[in-house]
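Colleague: I'd like to learn how to read a model like this one. Could you walk me through it, feature by feature?

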Amino acid sequence: MPVRGDFPLLTLCTNFLGALLIGIVVGLAGAGKLGSGGTLFWKTGVCGGFTTFSTFSLESLTLFEKGKWLLGGSYMIL
């Protein structure tokens with residue numbers, strides 16, 4: 001859902017934070033501090049549920065349908 005105007009800032013921030021958390025989980029797993037079950041739970045379960053790919057896709061499509069090509073393209077690149 002957009003904060004101001006048409007740019008979906010909250011979704012972008014949520015996905016960025018989710019990607020950061022997945023990076024932390026992978027780092028912990030690589031250091032041997034998290035087992036394979038815990039890694040799967042945190043990466044796929046928690047972070048996968050937290051990030052919002054379907055919302056990202058819908059908001060990108062909506063921007064393009066409104067003819068806001070620059071905003072939609074910028075959002076997808078970010």
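Modeller: Happy to. Let's begin with what gets called a helix: a DSSP run of H or I with at least four residues, numbered from the N terminus. Keep in mind that this is a predicted model. By that rule N15 sits in helix 1, which covers residues 9-30.

Colleague: Okay, and is N15 buried or exposed?

Modeller: The cut-off for buried is under 20% relative accessible area. N15 comes in at 19%, so N15 counts as buried. Setting aside residues up to four places away in sequence, N15 touches T51, T52, F53 and F56.

Colleague: Where does A31 belong?

Modeller: A31 lies in the loop between helix 1 and helix 2. Its relative accessibility is 51%, and exposed means over 50%, so A31 is exposed. From A31 back to L21 is 10 residues along the chain, and their C-alpha atoms are 15 Å apart.

Colleague: On to helix 2, then. How do I judge its length?

Modeller: Compare the span with what the residue count predicts. Helix 2 runs over residues 36-50, 15 residues in all. From first C-alpha to last it reaches 20 Å, close to the 21 Å expected at 1.5 Å a residue.

Colleague: Where is the kink in helix 2 centred?

Modeller: On W42, with a bend of about 25°. W42 also takes part in an aromatic pair, with F41 as its partner.

Colleague: Let's do aromatic pairs, then. How many are there?

Modeller: Searching the whole structure gives 4. In the F41 and W42 pair, the ring centres are 5.2 Å apart and the planes are at 80°, which makes it edge-to-face because planes over 60 degrees apart count that way. F41 is partly exposed at 48% relative accessible area, and W42 is partly exposed too, at 39%.

Colleague: What sort of pair do F56 and Y75 make?

Modeller: A tilted one: their ring centres are 5.1 Å apart and the planes are at 50°. This pair links distant parts of the chain, since F56 is in helix 3 (residues 53-65) and Y75 is in helix 4 (residues 69-77), 19 residues apart. Both F56 and Y75 are buried. Together with F7 they form one aromatic cluster.

Colleague: What's the general idea behind a nonpolar core?

Modeller: In soluble globular proteins, nonpolar side chains tend to be buried together. Here the largest nonpolar core has 5 residues: F7, L12, F56, L63 and Y75. The three members of the aromatic cluster, F7, F56 and Y75, are among them.

Colleague: Take L63 from that list. What is it in contact with?

Modeller: Leaving out neighbours within four places in sequence, L63 contacts D6, P8, K68, L71, G72 and Y75. L63 belongs to helix 3 and is buried, with a relative accessible area of 3%.

Colleague: Last topic: cysteines. How do I decide whether a disulfide is there?

Modeller: A disulfide is a covalent bond between the sulfur atoms of two cysteines. In a model, we ask whether the two sulfur atoms lie within 2.5 Å. By that rule there are 0 disulfides here. C13 is in none of them, and its nearest cysteine sulfur, that of C47, is 16 Å away. Looked at from the other end, C47 is in no disulfide either, with the sulfur of C13 as its nearest at 16 Å.

Colleague: Which of these is buried, and which is partly exposed?

Modeller: C47 is buried, at 4% relative accessibility. C13 is partly exposed, at 43%.

Note on methods: Residues numbered from 1 in each chain as written. Predicted model: local features only at pLDDT ≥ 70, side-chain atom pairs only at ≥ 80, totals over all residues. Heavy atoms only, no water. Helix = DSSP H or I, 4+ residues; strand = E, 2+ residues; numbered from the N terminus. Expected span 1.5 Å × (residues − 1). Bend = angle between axes of the 7 residues up to and from the residue. Buried < 20%, exposed > 50% of the residue type's maximum accessible area, 1.4 Å probe, protein only. Core = buried A, V, L, I, M, F, W, Y, C linked by side-chain atoms within 4.5 Å. Contact = heavy atoms within 4.5 Å. Phe/Tyr/Trp six-rings, centres within 6.5 Å; stacked < 30°, edge-to-face > 60°.
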